[in-house]
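Work through the following exercises with the sequence and the model side by side, and try each task before reading its solution.

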Amino acid sequence: MKNLFWVSIIFSVLFWSCNDEEQSGNENNEIQLTEDLQIEDIKTENMRDAKLDVDYVAFLTQFKEVSLPYELNPEQEDVFGKISVENQIKYLAEAEDLDKADFEEMAEYTDFFFVSRPVQSDLFNAVVYARFEMGSTYYFLCTYDNDGKLISNIDFAAYELIGAGPQAGQEYNTKGKIESDLKVTVTTDEETISYQIIKNGKIDKL
């Protein structure tokens with residue numbers, strides 16, 4: 001009888017021990033599954049961020065890289081392909097103060113072009129794009145953060161052809177220049193306006 005009693009006790013202890021291990025194992029599996037799901041969520045979020053970065057990089061690489069000092073003469077400047085309506089909406093809307101419907105309507109008579117990328121830094125990129133409209137071309141200097149968000153924008157240069165009125169046929173040029181210290185000058189026949197691109201990409205008027 002004593003032998004049967006001890007066998008029964010040992011069997012009971014082993015039975016409960018196995019159940020505890022199984023339950024603990026299930027809890028560990030649940031914890032691991034939760035951690036795996038969290039990691040997958042982070043990976044998915046990173047992939048979304050990476051997609052945005054890829055789009056922005058693809059946009060930037062369409063601009064010709066130039067060195068400083070950089071001067072834009074609108075009578076001589078080349079452009080490097082049209083900016084798609086999709087990229088106009090995504091990257092130029094704030095600078096142009098236009099919305100999607102505006103860009104789509106303007107597509108019949110206005111073209112936007114890649115021009116140059118004069119500044120690249122860890123915090124921002126500066127690009128120059130052109131808007132061609134009714135015989136005139138306007139150039140704009142814009143700075144963007146690393147998420148492709150506009151920081152600042154200014155009128156940088158222009159070739160203007162007066163098409164009607166008493167001044168019809170007259171031409172006007174505005175020239176822009178960026179120095180090595182990121183000082184910017186915009187020169188017309190009447191005046192020169194000075195700016196400074198500061199460390200965070202903001203363009204301040206001097």
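**Exercise 1: Confidence**

The mean pLDDT of the protein chain (the predictor's confidence in each residue, from 0 to 100) is 81, with 71% of the residues at 70 or more. This is a predicted model, in which local features need pLDDT of at least 70 and side-chain atom pairs count only at 80 or more, while totals for chains, interfaces and linings use all residues. Residues are numbered from 1 along each chain as its sequence is written, and side-chain values use heavy atoms, leaving out hydrogens and water.

Task: find how many contacts beyond four places in sequence the model has for residues 2–7.

Solution: Over residues 2–7 the pLDDT stays under 50, and the number of such contacts (heavy atoms within 4.5 Å) is zero. Residues 33–52 also have pLDDT below 50, and that stretch makes one contact beyond near neighbours in sequence. Where pLDDT is low, the predicted coordinates should not be read in detail.

**Exercise 2: An aromatic pair**

Task: describe the geometry and setting of the pair formed by Tyr91 and Tyr144.

Solution: Begin with the total, which is twelve aromatic pairs (Phe, Tyr or Trp rings, taking the six-membered ring of Trp, with centres within 6.5 Å; planes under 30 degrees apart are stacked, over 60 edge-to-face, the rest tilted) in the structure. Tyr91 and Tyr144 are edge-to-face, at 6.4 Å centre to centre and 85 degrees between the planes. Finally, check burial (under 20% relative accessible area, 1.4 Å probe, protein chains only): Tyr91 is buried at 4%, and Tyr144 is buried at 0%.

Definitions and conventions. Buried means under 20% relative accessible area, exposed over 50%, partly exposed in between (1.4 Å probe, protein chains only).
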